[in-house]
Amino acid sequence: MNCDLNPVVDLVHSSWPRAIRRGVVHEAPVRMLRISRFDGEAAISTTPGPRIGWLDSLRGVAILLVVVLHAGESLRVAGGSTAGVDGFNLFLEPFRMPVLMFLSGILLPRSVAKPWREYLAGKVSLVAWPYLLWSLIILAASGDLSPGGVVQIVYLAPTYLWYLWFILVFYALAYPLRHLPPLVASGVGLVASLVLPDGSRPGTMAFLAAFFFFGAWCAVHPRLLERAVAIPWLVSAGAASAAAVGVFNVVDRNVLYRAEYAWGVLGGLVVVCWIFPRLGATRATRALEFVGRYSIVFYVAHLGPIMITLALADAVGLAGEWFVLPLLLLGGVGVPLGLAWVYSTREHASVNLLFELPALKSRPRERADGFHRARA
């Protein structure tokens, strides 16, 4: 099983607590880039200002797809019928994490423009702290809170929070390399992934680093991205290439995190960068924006409720039934949604501490106005 499908491999019956450790958005909640305009569409900009709604919406969709992945995998390992869900997850598997990396990279140019002390404090508070805290929580919940496991948090990412560990490595590299053109760093990552062993942790990291720094390059050159996604034939070619790579993955061709198939992932990025700015402000997109804005909450806190729900279903002999899947999704989305709602109010220090270290980095009070409107 590849690293995007690891979180629940040992699930069911007596071994389910250990399974909670393994698996797969986020980037910590920070202020987004300014909205500019180009041919009537929202654009990426590196100047300060309000968040860009469509980027939050896209992040929200990507992180919800991670929840669907883990819910489907949990039910499949428990013996349930999930053929349709498995096919859906396999088709999207090559795109989920590269899209999240791309979105995180878009934030990089603004971050590295800060003084190094502020840069470091922000990353420790909003990325390193939740990674460390939730890694300890997950290890404790799975009964593996041993000295060796704790040490592995630093150098191996022994839980499903490996994405945050990758992001920390990329941020650590990005600041000393801030004068290097992001496209050069992206190219180096892609070439490195080509020569590193397929499916290895270093190979996966190099491949995703390519999309992280590509996102940074797009943030620096927003007009080029806008013009690219305004070319009809390019969008069509992107859709076709993405579909091909998705199908290759479904039929069990080894495409995941391989540089040879990066063209399909790039095609998928072209498609989503064409679609999401055109969705407009609706109740659905505002709800997705909320999820994207607080995706750190959904990322770290979704798998526990899924496992608990499945354990309860298993206790009454229903763990293998297909109708358990909606319950898993309800727990995997509902519990983080409640936590994110409380976190967004900034009124409960204990909840805030789960997702940031206020002593190092204070964030402005921010309520999810878009989500309020979505529920209105």
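Me: How many of the 25 residues of α2 are buried?

Reply: Buried means under 20% relative accessible area, exposed means over 50%, and partly exposed lies in between (1.4 Å probe, protein chains only). By that rule 20 of the 25 residues in α2 are buried, and the helix is mostly covered. Note that this is a predicted model, where local features need pLDDT of at least 70, side-chain atom pairs count only at pLDDT 80 or more, and totals for chains, interfaces and linings use all residues. Residues are numbered from 1 along each chain as its sequence is written, and side-chain values use heavy atoms, with hydrogens and water left out.

Me: What span does α2 reach from its first C-alpha to its last?

Reply: Start with the terms. Helices (H or I, at least four residues) and strands (E, at least two) are DSSP runs, numbered from the N terminus. The expected span of a helix is 1.5 Å times one less than its number of residues. Helix α2 covers residues 53–77 and reaches 36 Å, close to the 36 Å expected at 1.5 Å a residue. Glycine 79 follows α2, with a positive phi near 100°.

Me: How many helices and strands does the protein chain have?

Reply: The count is 18 helices and two strands. Of the 376 residues in the chain, 55% are buried. Accessible areas come from the Shrake-Rupley method with a 1.4 Å probe; for residues, only the protein chains shown count as cover. The accessible surface of the chain is about 15500 Å², and carbon and sulfur atoms hold 68% of it.

Me: At what angle do the axes of α8 and α9 cross?

Reply: Axes are lines fitted to C-alpha atoms, for helices over the stretch in contact, and angles run from 0 to 180 degrees between N-to-C directions. Here α8 (residues 182–195) and α9 (residues 201–220) cross at roughly 160°, with axes that come within 7 Å. That makes the two helices α8 and α9 roughly antiparallel. The cut-offs: under 35 degrees is roughly parallel, over 145 roughly antiparallel, 65 to 115 roughly perpendicular, and the rest oblique.

Me: Which residues in α8 meet α9?

Reply: Contact means heavy atoms within 4.5 Å. The α8 residues include Pro182, Leu183, Gly189 and Leu190. On the α9 side, Phe207, Phe213, Phe214 and Trp217 are among them.

Me: What does arginine 253 touch, not counting residues up to four places away in sequence?

Reply: Arginine 253 touches Phe248 and Tyr261. It lies in the loop between α11 and α12. At 43% relative accessibility, arginine 253 is partly exposed.

Me: Why does leucine 145 count as partly exposed?

Reply: Leucine 145 counts as partly exposed because its relative accessibility is 47%. Its place is the loop between α5 (116–141) and α6 (147–155). Leaving out residues up to four places away in sequence, leucine 145 touches Leu136, Leu139, Ala140 and Val150.

Me: Is glutamate 289 buried or exposed?

Reply: Glutamate 289 is buried, with a relative accessible area of 15%. It lies in helix α13 (residues 283–293). Leaving aside neighbours within four places in sequence, glutamate 289 is in contact with Gly53, Asp56 and Ser57.
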